[in-house]
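Q: Please take a close look at the aromatic rings of this structure and explain how they pair with one another.

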Amino acid sequence: MEITWETFKSNLQEFHELSDKIHDNWQIFDEKVFYTDYSTYLIKKLRKQSKRDESTLTFEYHITFDGIYSVPKLCFNVFRTDGSLLMLDEVLNQFEFLPSDNVLEILTQMDHPVLQRPFYCLHPCKTSELMQLTAKNSKNVLVTWLSTVGPSVGLHLDNIYSQLT
């Protein structure tokens, strides 16, 4: 399932307005860059305890638009308190993927579509497949999609977002 840039931006705006109302701390960015028209995206940062030790980690989630697949894209990075990034195996240890999950087909490191630097991303072709199953009749496909895929990488939406679907 594909969506247009206009649908993505409209869904993103609705999502951001509700986030502001409930103080959920999503920030909207609109970077004017020469190499993409798809420059509006959302960011949320969360501090969490590492599942491996006593350290505190910062999870930075970005919701962008993938212009090739015409779907939302969930990108994220995980930082230690000294600012260093976790490596893929360390990131995977923070989540609860099933042994049967072929995680590397779902999660990959690629350049952020706007910032052009490496982020871990849920692969957009899998997003398209999932949206075909879950978001066909949704009024806000962004919320439906994010509430489905977000928990797999530690991102949970407040139930109030369901009012947008």
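A: The count comes to 13 aromatic pairs, where rings of Phe, Tyr and Trp (its six-membered ring) pair if their centres lie within 6.5 Å, and planes under 30 degrees apart count as stacked, over 60 as edge-to-face and the rest as tilted. One of them joins Trp-5 and Phe-8, a stacked pair with 5.6 Å from centre to centre and 20 degrees between the planes. The model is predicted: local features need pLDDT of at least 70, side-chain atom pairs count only at pLDDT 80 or more, and totals for chains, interfaces and linings use all residues. Residues are numbered from 1 along each chain as its sequence is written, and side-chain values use heavy atoms, with hydrogens and water left out.

Trp-5 and Phe-8 are 3 residues apart in helix H1 (residues 5–22), so about one helical turn separates them; helices are DSSP runs of H or I with at least four residues, numbered from the N terminus. Trp-5 is buried at 14% relative accessible area, and Phe-8 is buried at 0%; buried means under 20% relative accessible area, exposed over 50%, partly exposed in between (1.4 Å probe, protein chains only).

Phe-15 and Tyr-161 form another stacked pair, with 4.6 Å centre to centre and 20 degrees between the planes. Because Phe-15 lies in helix H1 and Tyr-161 in the segment after helix H5 (141–149), this pair ties together parts that are 146 residues apart in sequence. Phe-15 is buried at 0% relative accessible area, and Tyr-161 is buried at 1%.

Elsewhere, one aromatic cluster is formed by Phe-59, Tyr-61, Phe-76, Phe-95 and Tyr-120. Over the ring of Phe-59 sits the charged end of Lys-48, 4.6 Å from the ring centre; this requires NZ of Lys or CZ of Arg within 6 Å of the ring centre and within 35 degrees of the ring normal.

Key. Helices (H or I, at least four residues) and strands (E, at least two) are DSSP runs, numbered from the N terminus.
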